[in-house]
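Here is a short briefing on one protein chain. Keep the structure in view as you read, and find each part as it is named.

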Amino acid sequence: MIDVNTEMLIDVWQRLLADPRKSWVLFEHGTCVVLTDPEGELAEQAADLLKTFGPAHAGSSAGDFGVIDLKDIEGWVVTGHHNDVLTYVGLDEPQDQSQIAVGLLGRSKRHQDGTELHVVHVEDKRSSADQA
């Protein structure tokens with residue numbers, strides 16, 4: 001697997017989640033947890049959510065995924081069994097760029113993030129949401 005470029009991932013998610021009211025937390029392997037009801041310590045809230053909905057279990061809803069082709073950004077977003085847990089897969093990551101290969105890679109990255117729980121960035125939009 002390719003070394004994760006944290007700055008690039010932050011830029012991608014800032015572009016994808018441009019809504020000034022959306023707080024989110026980015027994990028090491030590209031998984032982003034969008035916090036629709038942010039409260040308290042955002043990294044802890046996101047880690048709790050990802051601990052539950054990140055690990056993949058084949059044959060259950062935790063193994064399900066969908067693949068979204070991005071229009072203005074090169075790559076894909078892989079969805080899982082929680083609407084607010086999303087994983088970015090860069091165009092240069094999968095050798096096979098079929099939907100199934102991209103989805104399996106995204107699910108694998110989500111699983112890593114859901115078991116390692118290493119936060120690399122917190123985007124706290126609570127104050128801007130109060131002003132909007």
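**Strands, helices and cores**

Strand 4 (residues 75-79) and strand 5 (residues 85-90) pair in the antiparallel sense, over five bridges. Within this pair, Gly75 stands opposite Gly90 of strand 5. The model is predicted. The protein has four helices and six strands. Along the sequence they follow the pattern α-β-β-α-β-β-β-α-β-α.

- Six strands form an open sheet, in the order 3-4-5-2-1-6, with antiparallel pairing.
- The edges are strand 3 (66-69) and strand 6 (119-123), and each of these pairs on one side only.
- Neighbouring strands of the sheet are turned by 25 degrees against each other on average, direction ignored.
- Helix 3 (residues 99-116) packs on this sheet, and its direction makes about 120 degrees with that of strand 5.
- Helix 3 touches strand 1 (23-27), strand 2 (31-35), strand 3, strand 4 and strand 5.

**Strand 1 and its partners**

- Strand 1 pairs with strand 2 in the antiparallel sense, over four bridges.
- In this pairing, Trp24 has Val34 of strand 2 as its bridge partner.
- The hairpin of strand 1 and strand 2 has three residues between the strands, and Gly30 in this hairpin takes a positive phi near 105 degrees.
- Strand 1 also runs antiparallel to strand 6, and four bridges join the two.
- Leu26 stands opposite His121 in strand 6.
- How much of strand 1 is buried? Five of its five residues are, so to speak, under cover: they count as buried.
- In a regular strand, side chains alternate between the two faces of the sheet.
- Ser23, Val25 and Phe27 point one way from strand 1, while Trp24 and Leu26 point the other way.

**Helix 3**

- The buried residues of helix 3 are Ala101, Val102, Gly103, Leu105, Gly106, Arg107, Lys109, Arg110, Asp113 and Gly114.
- The cover over these buried residues includes strand 1, strand 2, helix 2 (42-53), strand 3, strand 4 and strand 5.

**After helix 3**

- Leu117 follows helix 3, in the loop between helix 3 and strand 6.
- Most residues other than glycine have a negative phi.
- Leu117 has a positive phi, near 55 degrees, and is a residue other than glycine.
- Is Leu117 buried or partly exposed? Its relative accessibility is 24%, so Leu117 counts as partly exposed.

**The nonpolar cores**

- In soluble globular proteins, nonpolar side chains tend to be buried together.
- The largest nonpolar core has 14 residues, and those touching the most other members are Trp13, Leu17, Trp24, Leu26, Cys32 and Tyr88.
- Helix 1 (6-16), strand 1, strand 2 and strand 5 each give two or more residues to this core.
- The largest share, four residues, comes from helix 1.
- Leu26 touches Leu9, Ile10, Trp13, Thr31, His118, Val119, Val120 and His121, not counting residues up to four places away in sequence.
- A second, separate core has 10 residues, among them Phe27, Leu42, Ala46 and Leu50.

**Gln45**

- Gln45 lies in helix 2.
- Its relative accessible area is 25%, so Gln45 is partly exposed.
- Gln45 touches Leu35, Asp37, Pro38 and Glu39, not counting residues up to four places away in sequence.
- Gln45 and Val25 are 20 residues apart in sequence, and their C-alpha atoms are 9.1 Å apart in space.

**The whole protein**

- The protein has 132 residues, and 43% of them count as buried.
- Its accessible surface comes to about 7000 Å², and 46% of that belongs to carbon and sulfur atoms.
- Among contacts with a separation of 6 or more, 56% join residues 24 or more positions apart.

Conventions: Residues numbered from 1 in each chain as written. Predicted model: local features only at pLDDT ≥ 70, side-chain atom pairs only at ≥ 80, totals over all residues. Heavy atoms only, no water. Pairing = 2+ DSSP bridges. Axes fitted to C-alpha atoms, helices over the stretch in contact; angles between N-to-C directions. Contact = heavy atoms within 4.5 Å. Buried < 20%, exposed > 50% of the residue type's maximum accessible area, 1.4 Å probe, protein only. Core = buried A, V, L, I, M, F, W, Y, C linked by side-chain atoms within 4.5 Å. Areas by Shrake-Rupley, 256 points an atom, 1.4 Å probe, with all protein chains shown as cover.
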